[in-house]
Amino acid sequence: RSGGVTDCVTFLLVIITLIALDSSAASPNPTRLTPVAIVPGKTSALTFSGDNLEGIVDVWTSFACEVTLPKEGPAKSIEIHTPTEIGIGLGALRLVTTNGLSALQFVLVDPMPSIESTSTNHAIHYAQALPRNTAVDGTCEELRSDFFRITAKKGERLAIEVVAQRIGSPLDPLLRLLDSAGRE
């Protein structure tokens, strides 16, 4: 009988050890992806920020592409090459690591080139100049405005869009168009 108790205690210790090992291997948790847009027919370098991103072994995508992982070091960046004929719209990807699968990360597939938002454009007199037909990739801090400067002529039509919640951002954007005197 004492052998049965020993076997039961050993079994319980093995189970407790497996549970402890499983809980220490946390799944990848990317919190930011830059840039958030990829251009069809081009290779885009995507960088992930977040927790438990070591050991990326693969990337699942909802769109056709070729993924290249870094050859050495901690993989927090990947390259994605999309075919020219890929459809424009919203795509998703997930990191596959040695510790599991990440939640979905959303990207825009868009032929418009993007530039990174500067960190100094929080006042109207420091507005970041934007070239025509350009997207801005950035993060807006809570209770803070980002300012951008565009050149337009009276009567000219512009299309301006803020993409936030569609790609998983909690941002509830407000867009205001001001003239050179700062009037709405």
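Mentor: Pro35 sits in the loop between β1 (29–34) and β2 (37–38). Strands (E, at least two residues) and helices (H or I, at least four) are DSSP runs, numbered from the N terminus. This is a predicted model: local features need pLDDT of at least 70, side-chain atom pairs count only at pLDDT 80 or more, and totals for chains, interfaces and linings use all residues. Residues are numbered from 1 along each chain as its sequence is written, and side-chain values use heavy atoms, with hydrogens and water left out.

Trainee: What is the peptide bond from Thr34 to Pro35, cis or trans?

Mentor: It is cis, with omega near -15 degrees. Most peptide bonds are trans, and most residues other than glycine have a negative phi.

Trainee: Is Asn133 buried or exposed?

Mentor: Asn133 counts as exposed, at 60% relative accessibility. Asn52 is partly exposed, at 30%. Buried means under 20% relative accessible area, exposed over 50%, partly exposed in between (1.4 Å probe, protein chains only).

Trainee: Switching to strands. What does β7 pair with?

Mentor: Strand β4 (residues 56–61) pairs with β7 (residues 89–97) in the antiparallel sense over five bridges. Pairing needs at least two DSSP bridges between the strands. Trp60 has Arg94 of β7 as its bridge partner. β7 also pairs with β9 (residues 105–109), antiparallel, over five bridges. There, Leu93 stands opposite Gln105.

Trainee: And β8?

Mentor: β8 (residues 100–101) pairs with β7 in the antiparallel sense over two bridges. The two form a hairpin with two residues between them. Thr97 stands opposite Gly100.

Trainee: Zoom out. How many helices and strands are in the chain?

Mentor: One helix and 13 strands. Of the 184 residues, 22% count as buried.

Trainee: Where does Leu171 lie?

Mentor: In the segment after β13 (148–149). Leu171 is partly exposed, with a relative accessible area of 30%.
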